[in-house]
Amino acid sequence: MKKFILGTAMALVMSTAAHAETVGVSMAKFDDNFLTVLRNGMTDYAKTLSGVTLQVEDAQNDVSKQQSQIQNFIASKVDAIIVNPVDTDATTAMSKLAADAGIPLVYVNRQPVNVDTLPDNQAFVASNEQESGTLETKEVCRILGGKGKAVVIMGELSNQAARMRTQDVHDVIKTDECKGLEIVEEQTANWDRTQGADLMTNWLSSGIEFDAVISNNDEMAIGAIQALKAAGKDMTKVVVGGVDATQDALAAMQAGDLDVTVFQDAAGQGKGSLDAALKLAKGEKIDKKVYIPFQLVTPANVKDFVAKN
C-alpha cells in the first residue's frame, strides 16, 4: 500500500511538472501607461492559470537590452517567449534567435517587420492598426465637416504602429468626404505626454494655426491639451483625437477636452498573447495574426464605455 501511495504521489508531481510552463516576457518599457495595462492584463491572467510562471523584464526602450533578455530567456530554457518590441524593425533577428533555439515566440501590440514571414512557432497578437488611425481621423473629419487644418503628432518612427496610424490619417484625408482637411504640421513626440506638450508649445509659439490635433496615442494628445490650456486656448474650438482610451484619456473626454479616442484592449492583448504562447508551447497550431478589435469612443458613448470597462 505504501508503495502504491508513493507511486501515485510521484505520478502527480511528474504530471504537474509536465504541465508547468515558464514564459519569458520582454516589454519595451514599464514606464508607459498603455503598456502597463497590457502587462498587468498578462500577469493577472497568469495568476488564474495553474502552473504558469511569467518572468517579466523591462527593456527600458533599449533594443540591445531587449535582445539580451531574449538570449537570457533562451539560456534559461523557458517554454515560450513574449516580446513587446522596442524597435519593430529589429524583430527579424529576435525571431531567428528563438527559432534556432526551438522556443515559441509571440509578439504583442507592436507589429514586427517580419510579420508575414514568421516561423511556424511564432505569432503576432494585437489590434489591426489600419482601424485605429482610420476610426480616429474619420471622426475628426466628421466633427470638422470635412474641412479644416490639422496637426499630426506621431509616435516613435521606429515603431510600426506610429507609421501605420500616420498613414491612416493621410489615407482618410484622400477620401472625397475628407479631402478638405489639410495637414499643416506633422512631427513625432515619441508616444510621450511631456514631449507632446513641448511639441504643441513650439507649434503655438511659431504661430501655426489649426483646427484639429490628430495624435497617434492618448498620452501625446493629453500633453497637447495641457499645452493648449496653458496657452489659454478655448478647447471647444479645437478638435483633439487620440488612440488607446486610457483611463486618463477617458477622464479628459469627460472633462470636455478630448473629442475622440479609439479603445485598444491592452489587457485583452496581454491575455491573448499569453494564450497564444501557451498554445504554441504545447505544439498547437494557431493563426499567425490574432487581432483584437478597436472601438471608437466619443463623448456620446464615453459614460457607457467607462461603465462597461
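Colleague: What makes strand β6 (residues 147-154) largely enclosed by the rest of the structure?

Modeller: This is a predicted model. In it, 6 of the 8 residues of β6 are buried. Buried means under 20% relative accessible area. So β6 counts as largely enclosed by the rest of the structure.

Colleague: How do you know that β6 and strand β7 (residues 180-188) pair?

Modeller: Count the bridges. Two strands pair if DSSP finds at least two bridges between them. Here 8 bridges join β6 to β7. So the pair meets the cut-off of at least two bridges. The two strands run parallel.

Colleague: Why is the β-α-β crossover from β6 to β7 called right-handed?

Modeller: Follow the chain. It leaves β6, passes through helix α6 (residues 160-173) and reaches β7. Point the strands away from you: a clockwise path from the first strand over the helix to the second is right-handed. The crossover here is right-handed, so by that definition its path runs clockwise.

Colleague: How do you know that β6 also pairs with strand β8 (residues 212-215)?

Modeller: By the bridges again. There are 4 between β6 and β8. At least two are needed, so these strands pair. They run parallel. Val151 has Val213 as its bridge partner in β8.

Colleague: What makes the reach of helix α8 (residues 218-230) close to the expected one?

Modeller: Set the two values side by side. α8 has 13 residues and reaches 18 Å from its first C-alpha to its last. The expected span is 18 Å, at 1.5 Å a residue.

Colleague: Why is α8 described as largely enclosed?

Modeller: Of its 13 residues, 10 are buried, so the rest of the structure largely encloses α8. Among the buried ones are Asp218, Glu219, Met220 and Leu228.

Colleague: Leu228 also lines the second largest pocket. What makes it a lining residue?

Modeller: A lining residue has an atom within 4 Å of a pocket point. Leu228 is listed in the lining, so it has such an atom. Others in that lining include Phe210, Asp211 and Lys233. The pocket holds about 170 Å³ of space. Its lining has 5 nonpolar, 1 polar and 5 charged residues.

Colleague: Which residues lie nearest the centre of the largest pocket?

Modeller: Val37, Ala245, Thr246, Gln247 and Phe263, out of 16 lining residues. That pocket has about 290 Å³ of space.

How values were computed
Residues are numbered from 1 along each chain as its sequence is written. This is a predicted model: local features need pLDDT of at least 70, side-chain atom pairs count only at pLDDT 80 or more; totals for chains, interfaces and linings use all residues. Side-chain values use heavy atoms; hydrogens and water are left out. On a 1 Å grid over the protein atoms alone, a cavity is a set of points where a 1.4 Å probe fits but cannot get out, and a pocket is an open set with protein on both sides within 12 Å along at least five of seven lines; lining residues have an atom within 4 Å of a point. Grid points are joined across faces, edges and corners, and a volume is the space filled by probe spheres set on the points. Ala, Val, Leu, Ile, Met, Phe, Trp, Tyr, Cys and Pro count as nonpolar, Asp, Glu, Lys and Arg as charged, and the others, Gly among them, as polar. Buried means under 20% relative accessible area, exposed over 50%, partly exposed in between (1.4 Å probe, protein chains only). The expected span of a helix is 1.5 Å times one less than its number of residues.
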